[in-house]
Amino acid sequence: MTVRLVPFSEGDLPLVEQWLSAPHVRERWGDPEENLESLCLALPSGYWRAIIEADGRKVGLVLWQHPTREELDVAGLADIPASVIDIDIMIGERGAVGRGIGSSAIRMVAEQALADVSVPFLIGCAAPDNLASQRAFAKAGFQRDREFDDVPNGIHVLMVRHRQAESKE
Ligand SMILES: CC(C)(COP(=O)(O)OP(=O)(O)OC[C@H]1O[C@@H](n2cnc3c(N)ncnc32)[C@H](O)[C@@H]1OP(=O)(O)O)[C@@H](O)C(=O)NCCC(=O)NCCS
């Protein structure tokens, strides 16, 4: 299977809206309308996003950004610098879940993000019961670091990918 990251455009919004409403995404991403609204806004600097394509078909979305100092402090992550990059992902097409696409996309974003030498390491967050997400990050070279309180979303697992990570296939 060929997985590629392609630029996100306004024309993708109807598809993304469908994905956000799909029960398996809604369960993890929360309110579809709120998410769609934020995706309609122009991207501030320090934020990136891409559509995930598998064998030429659009199947998901990945976002990556520098967290703010405030967000990290509120979550009790005072030791994490705001120069890290945080990755959010969804495979919106239900039939495309569990086929290695999410971990490939995370790995691609990780390589792109770490090409910037000022980024010390990467982070991803998953609910403690979201084992598919934790496993997808692990396959892309992330390790479980700790649990933290992702206010107001509750306890989450912090996954970290250091520069010299090995992928766990
Ligand atoms: C999380 C997500 C992005 C992962 O993408 P994906 O393409 O399904 O991931 P992959 O197929 O690369 O890897 C998933 C791994 O989790 C494993 N897995 C799936 N469900 C699992 C479970 N309940 N318990 C343990 N492992 C599980 C799969 O077997 C696979 O591991 P393997 O290849 O070693 O068998 C995708 O499932 C998704 O979009 N889910 C809904 C939204 C979401 O949870 N986003 C992340 C929010 S933090």
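# Briefing: helix α1, the strands and the cores

The buried residues of helix α1 are covered by elements that include α2 (23-29), α3 (32-40), β2, β3 and β4. The model described here is predicted. Its largest nonpolar core holds 28 residues, and another core, of 13 residues, lies apart from it.

**Helix α1**

- Helix α1 spans residues 13-21, and its buried residues are Leu-13, Val-16, Trp-19 and Leu-20.
- These four residues lie on the same side of α1, because they cover an arc of only 115° around the axis.
- In general, residues three or four places apart point the same way, because an α-helix has 3.6 residues a turn.

**The nonpolar cores**

- Within the largest nonpolar core, the members that touch the most others are Ile-52, Val-62, Ile-87, Ile-101, Ile-106, Leu-122 and Phe-142.
- Two or more residues of this core come from each of β2 (47-54), β3 (57-65), β4 (85-91), α5 (101-114), α6 (131-139) and β7 (155-161).
- The greatest contribution to this core is that of α5, which gives seven residues.

- Strand β3 is mostly covered, with seven of its nine residues buried.
- β2 and β3 run antiparallel and are joined by eight bridges; across this pairing, Trp-48 stands opposite Trp-64 in β3.
- The hairpin of β2 and β3 has two residues between the strands, and Asp-55 takes a positive phi near 50° there.
- β3 also pairs with β4, in the antiparallel sense and over six bridges, with Gly-60 opposite Ile-91 in β4.

- Strand β5 comprises residues 122-126, and four of its five residues are buried.
- The pairing of β4 with β5 is parallel and extends over three bridges; the bridge partner of Ile-87 in β5 is Gly-124.
- The chain passes from β4 through α5 to β5 in a right-handed β-α-β crossover.
- β5 pairs with β7 in the antiparallel sense over five bridges, where Gly-124 stands opposite Met-159 in β7.

**Gln-65**

- Gln-65 belongs to strand β3.
- Its relative accessible area is 10%, which is under 20%, and therefore Gln-65 counts as buried.
- The side chains of Gln-65 and Asp-88 are joined by a polar contact of 3.1 Å.
- Not counting residues up to four places away in sequence, Gln-65 touches Gly-46, Tyr-47, Trp-48, Val-84, Ile-85, Asp-86 and Asp-88.

**Pro-67**

- Pro-67 is placed in the loop between β3 and α4 (69-74).
- With a relative accessible area of 9%, which is under 20%, Pro-67 is likewise buried.
- Pro-67 and Ser-83 are 16 residues apart in sequence, and their C-alpha atoms are 7.7 Å apart in space.
- When neighbours within four places in sequence are left aside, Pro-67 is in contact with Leu-72, Ala-82, Val-84 and Asp-86.

Key: Residues are numbered from 1 along each chain as its sequence is written. This is a predicted model: local features need pLDDT of at least 70, side-chain atom pairs count only at pLDDT 80 or more; totals for chains, interfaces and linings use all residues. Side-chain values use heavy atoms; hydrogens and water are left out. A nonpolar core is a set of buried Ala, Val, Leu, Ile, Met, Phe, Trp, Tyr and Cys residues joined through side-chain atoms within 4.5 Å. Buried means under 20% relative accessible area, exposed over 50%, partly exposed in between (1.4 Å probe, protein chains only). The arc is that of the directions from the helix axis to the C-beta atoms. Contact means heavy atoms within 4.5 Å. Two strands pair if DSSP finds at least two bridges between them. A crossover is right-handed if, with the strands pointing away from the viewer, the path from the first strand over the helix to the second runs clockwise. A polar contact is a pair of N or O atoms within 3.5 Å; within protein, one must be able to donate a hydrogen and the other to accept it, and residues adjacent in sequence count only if both atoms are side-chain atoms.
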